[in-house]
Amino acid sequence: MAKPAVLIAEELSPATITALGPDLDVRHCDGTDRAALLAAVADADALLVRSATRVDAQVIDAARRLRVVARAGVGLDNIEVPAATKAGVLVVNAPRANVVSAAELACGLLLSTARTIPQADFSLKSGAWDRRKYTGVELADKTLGVIGLGRIGTLVAQRMSAFGMRILAHDPYATKERSLRSGACLVPLDELLRQADFVTVHLPRTPETAGFIGERELALVKSSVRIVNASRGGIVDEDALAAALKDGRVAGAGLDVFAVEPCTASPLFSLHNVVVTPHLGASTHEAQERAGTAVAHAVRRVLEGELVPDAVNAPGGPVADEVRPYLALADDLGRLFTELAGRRTVTQLEVEVRGEVTRHDVTVLRAGALKGVLARLTPLPLSLVNAAELARETGVFVRFATSSESPAHCSALAIRGVLPDGTPLAVAGALSGQKRTHKLVEVGEHEIDLGLTGRMLFLRYTDEPGAIGRAGQILGAAGVNIADMAVARSDGRAMAAMSVDSDVPESLVHRLVAALDEASARFVRLTP
């Protein structure tokens with residue numbers, strides 16, 4: 001078989017290539033060359049980028065085989081996650097790889113703006129010895145306002161506390177525990193802006209945070225304040241900041257990020273009290289190696305068919321080890337449900353998980369069941385990522401339920417629905433033994449105990465002597481071997497569920513129905 005193709009669209013660390021391993025077809029292109037990217041991604045199974053490559057709906061549509069997009073870094077500004085989700089493409093990043101590097105750069109910008117280090121360096125190298133011109137301010141006993149107390153903001157707060165700074169923080173999502181860990185006092189934004197001698201911004205760029213620090217906010221600060229943004233461009237309104245710096249309403253600024261990048265011209269660049277760097281937050285050897293290897297390992301797992309539970313658009317969040325084996329069971333039960341429904345779309349579905357496994361978050365099993373149900377109902381690419389969205393688009397309403405009670409099995413999963421003609425349908429399964437084999441435990445109103453295998457035959461008939469014998473004779477004469485069988489009985493009716501070693505053609509199914517009283521039969525092939 002051909003090796004899965006992995007397209008690397010930007011320069012990544014050599015450790016990334018090593019982590020991908022020899023069993024993948026690693027290719028390269030320039031992600032900033034749009035035509036080259038669209039051509040190269042057409043037959044790629046995975047795409048690895050940093051921040052310069054725009055992965056939008058056009059790229060996703062052009063990638064016929066794409067299963068995962070990996071961003072070797074924290075942000076996702078350049079990846080259109082909804083388009084990837086709709087196409088069933090997993091999006092992974094490395095949210096912890098560059099936190100130390102980004103935090104250290106923010107601290108460096110704080111020091112640089114306080115002591116005008118870059119300006120003094122340039123002046124001295126230009127031949128001037130001008131100590132008086134570059135008099136700065138101390139950090140000790142000053143107030144630092146941290147906007148955004150996530151991983152990076154917390155690290156900055158901890159490090160700047162060592163300089164003897166008082167730390168204020170604004171983050172509506174931060175817990176008291178996190179604020180204590182960072183040594184910060186949580187306050188409203190306006191209070192932080194009024195009190196801070198230094199402000200550092202550590203927010204993701206979203207529609208809500210665009211222009212978060214603008215004219216209104218800059219009107220609240222001290223004229224001696226110095227503002228640093230090493231998070232995402234556009235969170236600080238650059239025009240408003242430039243005007244405040246020119247007017248003396250802000251004493252200084254340090255910027256590593258800009259609203260439009262690459263940025264080589266800005267009114268901020270001509271100001272003597274501004275320190276700028278070209279988006280260097282993650283630009284350390286250590287961060288690049290961590291980010292590259294982290295996403296390389298994630299890509300390998302996806303291409304090997306494993307779930308990456310901490311992916312950006314994975315359903316349900318992290319998946320416990322105890323839950324993972326039930327994903328394949330949910331998929332098999334979903335496929336069985338659709339086959340027993342005659343591949344008709346059921347608009348009302350219920351997915352229920354019960355028993356010990358519900359001690360963990362089992363939300364992902366809803367997506368697993370839907371993936372199986374829809375597998376043979378849609379020609380669109382289908383995965384755990386987009387199963388719920390495709391169900392909505394198909395008009396399928398899904399109710400998800402859990403129960404800690406499971407009388408017959410430690411844990412079980414059931415899928416129920418009503419067919420278009422009003423007939424109810426239900427299937428349920430469990431895992432059996434140390435090998436966690438798939439077991440079918442319920443079909444309709446019947447409780448059974450049978451391995452859930454690739455080829456299965458279901459017979460419903462009047463419960464009478466000889467019925468199973470006649471069916472066995474017909475199958476045997478046609479060369480179909482019954483590997484295993486379970487029979488359930490209820491109110492004069494019976495159901496025989498069989499595992500068979502070969503396909504049962506439609507003509508043979510008709511013969512079985514004709515040989516039994518008031519019978520129906522369906523052959524199901526779960527494997528492709």
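**A strand with two partners**

A: Strand 13 runs antiparallel to strand 15 (residues 411-418), and the two pair over 7 bridges. Pairing here takes at least two bridges found by DSSP between the strands, while strands (E, at least two residues) and helices (H or I, at least four) are DSSP runs numbered from the N terminus. This is a predicted model, so local features need pLDDT of at least 70 and side-chain atom pairs count only at pLDDT 80 or more, while totals for chains, interfaces and linings use all residues. Residues are numbered from 1 along each chain as its sequence is written, and side-chain values use heavy atoms, leaving out hydrogens and water.

Back to the pairing: Arg-354 has Ala-412 as its bridge partner in strand 15. Strand 13 also pairs with strand 14 (residues 397-403), this time in the parallel sense, over 7 bridges. Strand 13 itself (residues 348-355) is mostly covered, with 7 of its 8 residues buried (under 20% relative accessible area, using a 1.4 Å probe and protein chains only).

Elsewhere, 5 strands form an open sheet in the order 2-1-3-4-5, with parallel pairing. Its edges are strand 2 (25-28) and strand 5 (90-93), each pairing on one side only. Neighbouring strands in this sheet are turned by 20° against each other on average, ignoring direction. Strand 4 (residues 68-71) pairs with strand 5 in the parallel sense over 4 bridges, and Val-69 sits opposite Val-91 of strand 5. Helix 12 (residues 285-303) packs on this sheet, touching strand 1 (5-8), strand 3 (46-49), strand 4 and strand 5; contact means heavy atoms within 4.5 Å. The direction of helix 12 makes about 170° with that of strand 4.

Now for two helices: the axes of helix 16 (residues 467-477) and helix 17 (residues 506-515) come within 10 Å and cross at roughly 155°. Axes are lines fitted to C-alpha atoms, for helices over the stretch in contact, and angles run from 0 to 180 degrees between N-to-C directions. Helix 16 and helix 17 are therefore roughly antiparallel to each other (over 145 degrees). On the helix 16 side, Arg-470, Ala-471, Ile-474 and Leu-475 meet Leu-508, Arg-511, Leu-512 and Ala-515 of helix 17. Those contact residues split into 6 nonpolar, no polar and 2 charged, where Ala, Val, Leu, Ile, Met, Phe, Trp, Tyr, Cys and Pro count as nonpolar, Asp, Glu, Lys and Arg as charged, and the others, Gly among them, as polar.

Definitions and conventions. Parallel < 35°, antiparallel > 145°, perpendicular 65-115°, else oblique. Buried < 20%, exposed > 50% of the residue type's maximum accessible area, 1.4 Å probe, protein only.
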